[in-house]
Amino acid sequence: MPEHKVLQVIVDPERCQGHNRCKAIAPSLFELDELGHARVVGDGMVPPGLEDKARLAEANCPEFAIKVAQA
Amino acid sequence: MTDRPPVSDWAKDFDHLDPRWVTEPYQIWDELRRQCPVAHTERYNGVYFPSRYADIRAIAYDTEHFSSRRVVVREMPPRVPTDSAKPKSPPGASTLASPPITSDPPYHRPARMLLLPAFTPDAIGRLEAKTRAICGDLIDRFASNDRCDAATDYAQHVPVAVIAHMLGLPEGDGEKFRRWIHLLLHEGIAENASFAQALAEMDDYFRVQIVSRRSVPGEDLITFLLGAQMEDQPLSDEHIIGTLRLLLIAGIDTTWSAIGSCLWHLAQHRDDRRRLVTEPALMPLAVEEFLRAYAPVTMARQVAKETTVGGCPFKEREMVLLSFPAANRDPEVFPQADRVLIDRAENRHAAFGLGIHRCIGSNLARMEITVALEEWLTRIPDFDLADPASVTWSHGPVRGPRKLPVVFR
Ligand code: HEM
Ligand code: SF4
């Protein structure tokens, strides 16, 4: 069985301006507050299978507000 | 428009209203990016044009040195002769307040926060069915012909109808809105009289709306603004009118241009048309790619304090064109930047700006563009430019096709 590297997504609220690219790409990893700014769902742990979506969200955020790291 | 001397050197004497820049800017920008990444011109009392993504981003983030008190580069009026006893400030030259787009910190944030809840994806999602109906009605008018003007018969009407609905204004006033926008953003760049006239007319129009909402509240954004508070105070009528003017201007020309550019592209790229018809799930990626490649909005800043960016000095009081469209074409950030790849997966484009002024209407604009393209492709899957030479483009801060005759196959 391949070794699972668990990833975690983090949104920097100081950088997020609410472009909403992250939630459009990965609605199960990101949610928006009442102003349209993003936060991670739960603790930000990326369920197996969603690693690519997490990376795409990171790569598409215009404000560089998202980090994906090994948990 | 006034006659302007031809450009001798794009790096030292550029003119963003030059016909070549208006019709085919991308090559000019690519050359500048290689040769002189911060171009300058003495025209318009001095303007800088950075063309690299990194520099544009740095300027957008640096609100200390780059102010939003002026966000459009306009031809300044010639100095008023000294015999006029009381010099009037030229209309709108520096203090046309439209919060939050013309606000700097610390005033910007409260004015922006106020508007954000009305433009979240959820709030905008509630307008989707209405938008679809608007698009369907427009297509009904020409679908049985074999041609239409995709800009004037279709694209331009979509955002007008949607924003009128949001503000609770009669859809029939759309012609008026478009005229104001034309006067402000196109003619008004060079002609102060057009500019002043549009402002006065908008002012009168919104004052009447405000009075009528005060007596009969609706469920629209104007009513919402009348009840809104900023720092525990109701908004002044000036603030409300400035914001309404902004929403009307920012909401219409921009989105109309974006829809038009998408259709212009699709009219010329049969493969992309086919793919979007057979693989509708690609639409979100395609919309982001069209926004990147044909970003319609170029903002401006005024240098508030002398500084350097990208190794180049910026002199106080001069203007800076903040070209998100040029940033989006920078090959350092976007591989094959000059190609439109509708399945581009990594696309950190800046079409809606960067930093604190990120477009408040971005969720609305995306929804309108997506719905407008979906409805069009469902009814008119195959179409071509009727005559490429008859396509015309707007000049000024918002770029998009203004005449776009297409024939249906
Ligand atoms: C494709 C369509 C659109 C594009 C490309 C676009 C682009 C932009 C850009 C680049 C900015 C940043 C301005 C700056 O940095 O100075 C901006 C700001 C803004 N836009 Fe849009 N826009 C579009 C549609 C809309 C719509 C539909 C609305 C609302 C009805 C809207 C409302 C605003 C507002 C209120 C701001 C000011 C935000 C602030 O200063 O905090 N825009 N837009
Ligand atoms: S894409 Fe980036 S800026 Fe946009 S909402 Fe997500 S985290 Fe915020």
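Biologist: Where in chain B does B:Pro100 lie?
Modeller: Helices (DSSP runs of H or I, at least four residues) and strands (runs of E, at least two) are numbered from the N terminus. B:Pro100 lies in the loop of chain B between strand S3 (66-67) and helix H5 (108-115). This is a predicted model, in which local features need pLDDT of at least 70 and side-chain atom pairs count only at pLDDT 80 or more, while totals for chains, interfaces and linings use all residues. Residues are numbered from 1 along each chain as its sequence is written, chains are lettered from A and ligands numbered from 1 in the order in which they are written, and side-chain values use heavy atoms, with hydrogens and water left out.

Biologist: Which residue is joined to B:Pro100 by a cis peptide bond?
Modeller: Most residues other than glycine have a negative phi, and most peptide bonds are trans. B:Pro99 is joined to B:Pro100 by a cis bond, with omega about 5 degrees. Another cis bond, also with omega about 5 degrees, joins B:Pro105 and B:Pro106; B:Pro106 is likewise found in the loop between S3 and H5. In chain A, A:Asn20 has a positive phi, near 65 degrees, and its place is the loop between strand S1 (7-11) and helix H1 (21-25).

Biologist: What pLDDT does chain B average?
Modeller: The pLDDT is the predictor's confidence in each residue, from 0 to 100. Chain B averages 91, and 94% of its residues score at least 70. Over residues 77-95 of chain B, however, the pLDDT is below 50, and this stretch has 13 contacts (heavy atoms within 4.5 Å) beyond near neighbours in sequence. For the complex, the predictor gives an ipTM of 0.94 and a pTM of 0.94.

Biologist: What area is buried between chain A and chain B?
Modeller: The size of an interface is often given as the accessible area lost when the parts come together. Here, summed over both parts and with a 1.4 Å probe, the buried area is about 1,700 Å², of which carbon and sulfur atoms give 48%. In this interface, 20 residues of chain A are in contact with 22 residues of chain B.

Biologist: How many salt bridges are counted between chain A and chain B?
Modeller: A salt bridge is a side-chain nitrogen of Lys or Arg within 4 Å of a carboxyl oxygen of Asp or Glu. The count between the two chains is 1: A:Arg21 pairs with B:Glu288, the closest N and O atoms being 3.7 Å apart. On the side of chain A that touches chain B, helix H2 (residues 51-60) gives the most, with 4 residues.

Biologist: Which residue forms a salt bridge with B:Arg379?
Modeller: B:Asp140 does, with the closest N and O atoms 2.7 Å apart. The pair links distant parts of the chain, 239 residues apart: B:Arg379 is in helix H17, and B:Asp140 is in helix H7 (residues 128-142). Over all chains, the search finds 31 salt bridges.

Biologist: Which residue is the only protein donor of the iron atom of ligand 1?
Modeller: Donors are N, O and S atoms within 2.8 Å of the metal (3.2 Å for Na, K and Ca); water is not among the atoms, so sites may look incomplete. The only protein donor of this iron atom is B:Cys359, through SG at 2.2 Å. B:Cys359 lies in the loop between helix H16 (324-327) and helix H17 (362-379) of chain B.

Notes. Buried area = accessible area lost by both parts, 1.4 Å probe.
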